[in-house]
Amino acid sequence: MAEPGVISEFVERLARELEFDASLARCVRQEVEDHLWEAVSADPTADGLEAERRAVANFGDPHAIAAQFVVVSLAKRGRRVGLGAIGVIAAVFVAMKARLTWYAAMAYSTGPMGALGGAVLSIDRYAFWLSIFVGMGSWMYIESRRIPAALTPQYRTQLRRFLLLCWVATGALGASVISDGVLTALRLSGGRWSFEVLVPLVSVAIEVACAGGLVASIRGMTQRTASAGRLAAMPRV
Amino acid sequence: MEGEMLKGHLDMIVLAVLSSGPAHGYAVIEEIKRRSGGAFDLPEGTVYPVLHRLEEAGLLAARWVSADSGRRRRVYSMTKRGVRELGERRAVWAQFSDAVGSLFKEGRSWQSPA
(Lines give C-alpha, C1' and ligand atoms only; values in the text may rest on other atoms or scores of the structure.)
Protein backbone atom coordinates (compact mmCIF):
# COMPACT_ATOMS: atom_id res chain seq x y z
CA MET A 1 0.00 0.00 0.00
CA ALA A 2 1.44 3.36 -0.97
CA GLU A 3 2.32 5.80 1.76
CA PRO A 4 -0.49 8.34 1.74
CA GLY A 5 0.50 11.90 1.30
CA VAL A 6 2.46 12.43 -1.91
CA ILE A 7 -0.60 13.01 -4.07
CA SER A 8 -2.67 14.72 -1.39
CA GLU A 9 0.22 17.06 -0.60
CA PHE A 10 0.58 17.87 -4.26
CA VAL A 11 -3.11 18.62 -4.84
CA GLU A 12 -3.16 20.63 -1.61
CA ARG A 13 -0.28 22.73 -2.89
CA LEU A 14 -1.93 23.16 -6.28
CA ALA A 15 -5.17 24.25 -4.59
CA ARG A 16 -3.21 26.80 -2.53
CA GLU A 17 -1.61 28.13 -5.70
CA LEU A 18 -5.10 28.49 -7.16
CA GLU A 19 -6.48 30.34 -4.15
CA PHE A 20 -7.12 33.39 -6.35
CA ASP A 21 -10.23 31.49 -7.55
CA ALA A 22 -11.81 29.25 -4.90
CA SER A 23 -14.34 27.48 -7.17
CA LEU A 24 -11.71 26.83 -9.84
CA ALA A 25 -9.35 25.51 -7.15
CA ARG A 26 -11.99 23.03 -5.92
CA CYS A 27 -12.73 21.82 -9.43
CA VAL A 28 -9.09 21.48 -10.52
CA ARG A 29 -8.10 19.81 -7.27
CA GLN A 30 -10.67 17.05 -7.74
CA GLU A 31 -9.82 16.65 -11.39
CA VAL A 32 -6.06 16.48 -10.82
CA GLU A 33 -6.44 14.09 -7.92
CA ASP A 34 -8.35 11.71 -10.19
CA HIS A 35 -5.66 12.12 -12.85
CA LEU A 36 -2.81 11.33 -10.47
CA TRP A 37 -4.48 8.25 -8.98
CA GLU A 38 -5.20 6.98 -12.46
CA ALA A 39 -1.55 7.51 -13.39
CA VAL A 40 -0.55 5.54 -10.29
CA SER A 41 -2.86 2.66 -11.15
CA ALA A 42 -1.50 2.60 -14.72
CA ASP A 43 2.09 2.55 -13.49
CA PRO A 44 3.64 -0.86 -14.26
CA THR A 45 5.91 -0.83 -11.20
CA ALA A 46 4.69 -2.42 -8.00
CA ASP A 47 6.15 0.31 -5.79
CA GLY A 48 3.15 2.48 -4.97
CA LEU A 49 5.06 5.31 -3.38
CA GLU A 50 7.46 5.52 -6.28
CA ALA A 51 4.49 5.48 -8.69
CA GLU A 52 2.92 8.39 -6.79
CA ARG A 53 6.17 10.33 -6.95
CA ARG A 54 6.46 9.63 -10.66
CA ALA A 55 2.86 10.70 -11.31
CA VAL A 56 3.43 13.96 -9.46
CA ALA A 57 6.75 14.60 -11.24
CA ASN A 58 5.16 13.97 -14.65
CA PHE A 59 2.37 16.37 -13.84
CA GLY A 60 4.60 19.43 -13.55
CA ASP A 61 5.18 22.31 -11.18
CA PRO A 62 1.96 23.39 -9.39
CA HIS A 63 2.96 27.04 -9.41
CA ALA A 64 3.54 27.05 -13.16
CA ILE A 65 0.27 25.20 -13.77
CA ALA A 66 -1.65 27.61 -11.52
CA ALA A 67 -0.13 30.51 -13.46
CA GLN A 68 -1.63 29.07 -16.65
CA PHE A 69 -5.05 29.02 -15.01
CA VAL A 70 -4.92 32.77 -14.31
CA VAL A 71 -6.20 33.73 -17.72
CA VAL A 72 -9.03 31.15 -17.49
CA SER A 73 -10.09 32.53 -14.13
CA LEU A 74 -10.01 36.14 -15.33
CA ALA A 75 -11.96 35.32 -18.49
CA LYS A 76 -14.60 33.46 -16.49
CA ARG A 77 -14.89 36.22 -13.93
CA GLY A 78 -14.95 38.93 -16.56
CA ARG A 79 -17.85 37.30 -18.35
CA ARG A 80 -19.66 36.82 -15.06
CA VAL A 81 -19.15 40.48 -14.10
CA GLY A 82 -20.34 41.61 -17.54
CA LEU A 83 -23.46 39.50 -17.31
CA GLY A 84 -23.96 40.56 -13.69
CA ALA A 85 -23.84 44.22 -14.71
CA ILE A 86 -26.68 43.65 -17.17
CA GLY A 87 -28.66 41.75 -14.52
CA VAL A 88 -28.20 44.58 -12.02
CA ILE A 89 -29.25 47.23 -14.55
CA ALA A 90 -32.34 45.14 -15.33
CA ALA A 91 -33.12 44.76 -11.61
CA VAL A 92 -32.83 48.53 -11.10
CA PHE A 93 -35.16 49.05 -14.06
CA VAL A 94 -37.73 46.65 -12.58
CA ALA A 95 -37.54 48.38 -9.16
CA MET A 96 -37.96 51.76 -10.87
CA LYS A 97 -40.98 50.60 -12.89
CA ALA A 98 -42.52 48.89 -9.86
CA ARG A 99 -42.33 52.15 -7.92
CA LEU A 100 -43.94 54.15 -10.74
CA THR A 101 -46.65 51.51 -11.10
CA TRP A 102 -47.30 51.73 -7.38
CA TYR A 103 -47.63 55.56 -7.55
CA ALA A 104 -50.14 55.17 -10.36
CA ALA A 105 -52.08 52.33 -8.73
CA MET A 106 -52.34 54.11 -5.41
CA ALA A 107 -53.11 57.45 -7.11
CA TYR A 108 -50.43 58.78 -4.79
CA SER A 109 -50.59 62.57 -4.58
CA THR A 110 -47.10 63.89 -4.76
CA GLY A 111 -45.45 67.06 -3.61
CA PRO A 112 -44.37 69.74 -6.07
CA MET A 113 -41.38 68.54 -8.03
CA GLY A 114 -40.45 71.98 -9.37
CA ALA A 115 -37.45 72.82 -11.51
CA LEU A 116 -35.15 70.70 -9.35
CA GLY A 117 -37.38 67.68 -9.91
CA GLY A 118 -37.34 68.24 -13.67
CA ALA A 119 -33.54 68.51 -13.76
CA VAL A 120 -33.08 65.43 -11.60
CA LEU A 121 -35.54 63.50 -13.76
CA SER A 122 -33.48 64.35 -16.86
CA ILE A 123 -30.27 63.25 -15.14
CA ASP A 124 -32.01 60.05 -14.06
CA ARG A 125 -33.18 59.24 -17.58
CA TYR A 126 -29.91 59.99 -19.40
CA ALA A 127 -27.76 58.33 -16.76
CA PHE A 128 -29.88 55.18 -16.86
CA TRP A 129 -29.78 54.95 -20.66
CA LEU A 130 -26.03 55.51 -20.56
CA SER A 131 -25.66 52.67 -18.06
CA ILE A 132 -27.70 50.35 -20.32
CA PHE A 133 -25.66 51.11 -23.44
CA VAL A 134 -22.26 51.01 -21.77
CA GLY A 135 -23.20 47.95 -19.67
CA MET A 136 -24.32 46.06 -22.79
CA GLY A 137 -21.23 47.27 -24.60
CA SER A 138 -18.90 46.04 -21.87
CA TRP A 139 -20.51 42.60 -21.85
CA MET A 140 -20.40 42.31 -25.65
CA TYR A 141 -16.79 43.47 -25.61
CA ILE A 142 -15.57 40.84 -23.15
CA GLU A 143 -17.67 38.09 -24.76
CA SER A 144 -16.15 38.75 -28.14
CA ARG A 145 -12.51 38.58 -26.95
CA ARG A 146 -10.58 35.38 -27.66
CA ILE A 147 -9.13 33.90 -24.48
CA PRO A 148 -5.37 33.61 -25.00
CA ALA A 149 -3.20 30.74 -23.73
CA ALA A 150 -1.45 33.11 -21.33
CA LEU A 151 -2.13 36.49 -19.79
CA THR A 152 -0.65 38.51 -22.63
CA PRO A 153 -0.21 42.31 -22.48
CA GLN A 154 -2.92 42.53 -25.15
CA TYR A 155 -5.43 40.60 -23.05
CA ARG A 156 -4.53 42.69 -20.01
CA THR A 157 -5.32 45.81 -22.03
CA GLN A 158 -8.64 44.25 -23.09
CA LEU A 159 -9.48 43.46 -19.48
CA ARG A 160 -8.59 47.01 -18.44
CA ARG A 161 -10.84 48.40 -21.19
CA PHE A 162 -13.64 46.09 -20.07
CA LEU A 163 -13.25 47.18 -16.45
CA LEU A 164 -13.23 50.83 -17.50
CA LEU A 165 -16.50 50.30 -19.39
CA CYS A 166 -17.95 48.53 -16.34
CA TRP A 167 -16.96 51.42 -14.09
CA VAL A 168 -18.53 53.93 -16.51
CA ALA A 169 -21.76 51.88 -16.60
CA THR A 170 -21.75 51.61 -12.80
CA GLY A 171 -21.08 55.33 -12.40
CA ALA A 172 -24.02 56.13 -14.66
CA LEU A 173 -26.20 53.63 -12.81
CA GLY A 174 -25.11 55.17 -9.50
CA ALA A 175 -26.12 58.62 -10.76
CA SER A 176 -29.47 57.20 -11.85
CA VAL A 177 -30.05 55.53 -8.47
CA ILE A 178 -29.13 58.71 -6.57
CA SER A 179 -31.52 60.63 -8.83
CA ASP A 180 -34.23 58.07 -8.05
CA GLY A 181 -33.59 58.61 -4.35
CA VAL A 182 -33.88 62.39 -4.73
CA LEU A 183 -37.06 62.08 -6.84
CA THR A 184 -38.61 59.69 -4.33
CA ALA A 185 -37.78 62.08 -1.47
CA LEU A 186 -39.33 64.97 -3.42
CA ARG A 187 -42.47 62.96 -4.13
CA LEU A 188 -42.90 61.72 -0.59
CA SER A 189 -42.11 65.07 1.01
CA GLY A 190 -45.38 66.55 -0.20
CA GLY A 191 -47.58 63.49 0.13
CA ARG A 192 -49.31 61.76 2.97
CA TRP A 193 -47.18 59.59 5.24
CA SER A 194 -48.36 56.11 5.94
CA PHE A 195 -47.15 52.54 6.14
CA GLU A 196 -47.58 52.29 2.37
CA VAL A 197 -44.72 54.69 1.61
CA LEU A 198 -42.45 51.81 2.56
CA VAL A 199 -43.05 50.45 -0.95
CA PRO A 200 -41.19 53.25 -2.80
CA LEU A 201 -38.59 53.41 -0.05
CA VAL A 202 -37.92 49.68 -0.31
CA SER A 203 -37.71 49.92 -4.10
CA VAL A 204 -35.05 52.64 -3.77
CA ALA A 205 -33.23 50.52 -1.17
CA ILE A 206 -33.23 47.61 -3.66
CA GLU A 207 -31.72 49.88 -6.31
CA VAL A 208 -29.01 51.03 -3.88
CA ALA A 209 -28.24 47.42 -2.90
CA CYS A 210 -28.03 46.36 -6.57
CA ALA A 211 -25.68 49.23 -7.44
CA GLY A 212 -23.60 48.49 -4.33
CA GLY A 213 -23.35 44.81 -5.30
CA LEU A 214 -22.19 45.77 -8.77
CA VAL A 215 -19.53 48.10 -7.36
CA ALA A 216 -18.27 45.29 -5.08
CA SER A 217 -18.20 42.82 -7.96
CA ILE A 218 -16.25 45.12 -10.31
CA ARG A 219 -13.90 46.14 -7.49
CA GLY A 220 -13.24 42.45 -6.80
CA MET A 221 -12.52 41.84 -10.47
CA THR A 222 -10.17 44.85 -10.60
CA GLN A 223 -8.21 43.59 -7.58
CA ARG A 224 -8.18 40.05 -8.91
CA THR A 225 -6.84 41.21 -12.27
CA ALA A 226 -3.98 42.97 -10.50
CA SER A 227 -3.11 40.09 -8.14
CA ALA A 228 -3.58 37.34 -10.73
CA GLY A 229 -1.36 39.27 -13.10
CA ARG A 230 1.50 38.97 -10.61
CA LEU A 231 1.11 35.17 -10.47
CA ALA A 232 0.90 34.87 -14.25
CA ALA A 233 4.11 36.84 -14.59
CA MET A 234 6.02 33.86 -13.14
CA PRO A 235 7.76 31.61 -15.68
CA ARG A 236 5.64 28.85 -17.27
CA VAL A 237 6.40 25.14 -17.40
CA MET B 1 9.62 18.14 -29.83
CA GLU B 2 10.31 21.65 -28.50
CA GLY B 3 7.89 22.51 -25.69
CA GLU B 4 7.24 26.05 -26.86
CA MET B 5 6.55 24.88 -30.42
CA LEU B 6 4.07 22.35 -29.10
CA LYS B 7 2.33 24.78 -26.76
CA GLY B 8 1.44 27.01 -29.68
CA HIS B 9 -0.62 24.15 -31.13
CA LEU B 10 -1.93 22.57 -27.96
CA ASP B 11 -5.48 23.87 -28.46
CA MET B 12 -5.67 22.22 -31.86
CA ILE B 13 -4.11 19.00 -30.58
CA VAL B 14 -6.59 18.74 -27.69
CA LEU B 15 -9.52 19.51 -29.99
CA ALA B 16 -8.29 16.90 -32.47
CA VAL B 17 -8.12 14.23 -29.74
CA LEU B 18 -11.57 15.10 -28.42
CA SER B 19 -13.06 15.02 -31.91
CA SER B 20 -12.90 11.21 -31.57
CA GLY B 21 -15.22 11.31 -28.59
CA PRO B 22 -15.59 12.51 -24.99
CA ALA B 23 -12.66 11.89 -22.66
CA HIS B 24 -11.25 13.00 -19.31
CA GLY B 25 -7.95 14.81 -18.87
CA TYR B 26 -5.82 11.73 -18.27
CA ALA B 27 -7.24 9.96 -21.33
CA VAL B 28 -6.64 13.07 -23.46
CA ILE B 29 -2.97 13.15 -22.42
CA GLU B 30 -2.52 9.43 -23.01
CA GLU B 31 -4.12 9.71 -26.43
CA ILE B 32 -1.86 12.64 -27.36
CA LYS B 33 1.18 10.55 -26.40
CA ARG B 34 -0.12 7.51 -28.26
CA ARG B 35 -1.06 9.28 -31.47
CA SER B 36 2.18 11.26 -31.56
CA GLY B 37 4.23 8.15 -30.90
CA GLY B 38 5.57 9.76 -27.74
CA ALA B 39 6.88 12.82 -29.60
CA PHE B 40 4.49 15.15 -27.75
CA ASP B 41 5.62 14.73 -24.20
CA LEU B 42 4.64 17.80 -22.19
CA PRO B 43 4.22 18.03 -18.42
CA GLU B 44 0.79 16.42 -18.04
CA GLY B 45 -0.60 19.32 -16.00
CA THR B 46 -0.22 21.65 -18.98
CA VAL B 47 -3.28 20.11 -20.62
CA TYR B 48 -5.71 21.09 -17.83
CA PRO B 49 -5.51 24.88 -18.28
CA VAL B 50 -6.05 24.26 -22.01
CA LEU B 51 -9.14 22.11 -21.36
CA HIS B 52 -10.61 24.74 -19.02
CA ARG B 53 -9.82 27.57 -21.43
CA LEU B 54 -11.43 25.76 -24.36
CA GLU B 55 -14.46 25.07 -22.18
CA GLU B 56 -14.69 28.74 -21.21
CA ALA B 57 -14.43 29.67 -24.88
CA GLY B 58 -17.42 27.42 -25.60
CA LEU B 59 -15.43 24.95 -27.71
CA LEU B 60 -15.72 22.14 -25.15
CA ALA B 61 -18.38 21.11 -22.67
CA ALA B 62 -17.56 19.37 -19.40
CA ARG B 63 -19.57 17.18 -17.06
CA TRP B 64 -18.77 15.30 -13.88
CA VAL B 65 -19.25 11.53 -13.90
CA SER B 66 -18.46 8.76 -11.44
CA ALA B 67 -15.52 6.61 -12.52
CA ASP B 68 -15.33 2.86 -11.85
CA SER B 69 -12.86 3.68 -9.09
CA GLY B 70 -15.61 5.65 -7.37
CA ARG B 71 -13.79 8.95 -7.89
CA ARG B 72 -15.49 11.89 -9.54
CA ARG B 73 -14.20 12.47 -13.01
CA ARG B 74 -14.56 15.45 -15.35
CA VAL B 75 -15.29 14.40 -18.91
CA TYR B 76 -14.90 16.80 -21.82
CA SER B 77 -16.67 16.69 -25.15
CA MET B 78 -16.68 18.89 -28.23
CA THR B 79 -19.43 21.42 -28.76
CA LYS B 80 -20.72 22.32 -32.21
CA ARG B 81 -18.63 25.46 -32.01
CA GLY B 82 -15.60 23.32 -31.15
CA VAL B 83 -16.16 21.11 -34.20
CA ARG B 84 -16.40 24.21 -36.40
CA GLU B 85 -13.28 25.72 -34.85
CA LEU B 86 -11.30 22.49 -35.34
CA GLY B 87 -12.34 22.41 -39.01
CA GLU B 88 -11.09 25.96 -39.48
CA ARG B 89 -7.81 25.26 -37.67
CA ARG B 90 -7.30 22.09 -39.69
CA ALA B 91 -7.66 24.03 -42.93
CA VAL B 92 -5.21 26.71 -41.78
CA TRP B 93 -2.77 24.02 -40.60
CA ALA B 94 -2.97 22.15 -43.91
CA GLN B 95 -2.23 25.35 -45.79
CA PHE B 96 0.69 26.18 -43.50
CA SER B 97 2.05 22.65 -43.62
CA ASP B 98 1.89 22.59 -47.44
CA ALA B 99 3.64 25.94 -47.66
CA VAL B 100 6.44 24.93 -45.28
CA GLY B 101 6.68 21.51 -46.94
CA SER B 102 7.25 23.07 -50.34
CA LEU B 103 9.94 25.32 -48.86
CA PHE B 104 11.74 22.29 -47.49
CA LYS B 105 11.47 20.33 -50.72
CA GLU B 106 14.83 19.23 -51.91
CA GLY B 107 16.11 18.92 -55.43
CA ARG B 108 14.77 22.24 -56.56
CA SER B 109 17.17 24.10 -58.77
CA TRP B 110 17.43 27.81 -58.52
CA GLN B 111 20.09 30.14 -59.64
CA SER B 112 21.74 32.67 -57.43
CA PRO B 113 21.40 36.21 -58.81
CA ALA B 114 25.10 36.75 -58.03
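What share of the contacts in chain B with a separation of 6 or more comes from residues 24 or more positions apart?

Modeller: Happy to! Before we start, this is a predicted model, in which local features need pLDDT of at least 70 and side-chain atom pairs count only at pLDDT 80 or more, while totals for chains, interfaces and linings use all residues. Residues are numbered from 1 along each chain as its sequence is written, and chains are lettered from A and ligands numbered from 1 in the order in which they are written.

To your number: residues 24 or more positions apart account for 48% of the contacts in chain B with a separation of 6 or more (two residues are in contact if their C-beta atoms, placed from the backbone, lie within 7 Å). Chain B has 114 residues, and 28% of them count as buried (20 or more other C-beta atoms within 10 Å of a residue's own make it buried, 12 or fewer make it exposed, and in between it is partly exposed, with C-beta atoms placed from the backbone).

Now the layout. Chain B is built from five helices and three strands (DSSP runs numbered from the N terminus, with H or I over at least four residues for helices and E over at least two for strands). Along the sequence, these elements of chain B come in the pattern α-α-β-α-α-β-β-α.

Let's begin with the sheet. In chain B, the three strands make an open, antiparallel sheet, and its order is β1-β3-β2 (strands pair if DSSP finds at least two bridges between them). At the edges of this sheet sit β1 (23-24) and β2 (60-66) of chain B, each pairing on one side only. The antiparallel pairing of β2(B) with β3(B), residues 72-78, runs over seven bridges. Within it, A62(B) faces Y76(B) of β3(B). Helix α2(B), residues 10-18, packs on this sheet and touches β1, β2 and β3 of chain B; the direction of α2(B) makes about 95° with that of β3(B) (angles run from 0 to 180 degrees between N-to-C directions, and axes are lines fitted to C-alpha atoms, for helices over the stretch in contact). There is also a hairpin to look at: five residues lie between β2(B) and β3(B), and in that turn G70(B) has a positive phi of about 95°.

Back to α2(B), where I13(B), V14(B), L15(B), V17(B) and L18(B) are the buried residues. Together, these buried residues of α2(B) pack against quite a list of chain B elements: β1, β2, β3, α3, α4 and α5 (80-104). As a reminder when viewing such a helix, an α-helix has 3.6 residues a turn, so residues three or four places apart point the same way.

That brings us to the partner chain. Chain B puts 19 residues into the contact, and chain A puts in 22 residues. On the chain B side, two or more residues each come from α3 (25-35), α4 (47-56) and β3 of chain B. The top contributor on that side is α4(B), with five residues. By class, the chain B side holds six nonpolar, five polar and eight charged residues (Ala, Val, Leu, Ile, Met, Phe, Trp, Tyr, Cys and Pro count as nonpolar, Asp, Glu, Lys and Arg as charged, and the others, Gly among them, as polar).

The axes of α4(B) and of helix α4(A), residues 62-105, come within 9 Å and cross at roughly 10°. From α4(A), the contact uses I65(A), Q68(A), F69(A), V71(A), V72(A), A75(A) and K76(A); from α4(B), Y48(B), P49(B), H52(B), R53(B) and E56(B) take part. Sorted by class, the residues where α4(A) meets α4(B) are seven nonpolar, two polar and three charged.
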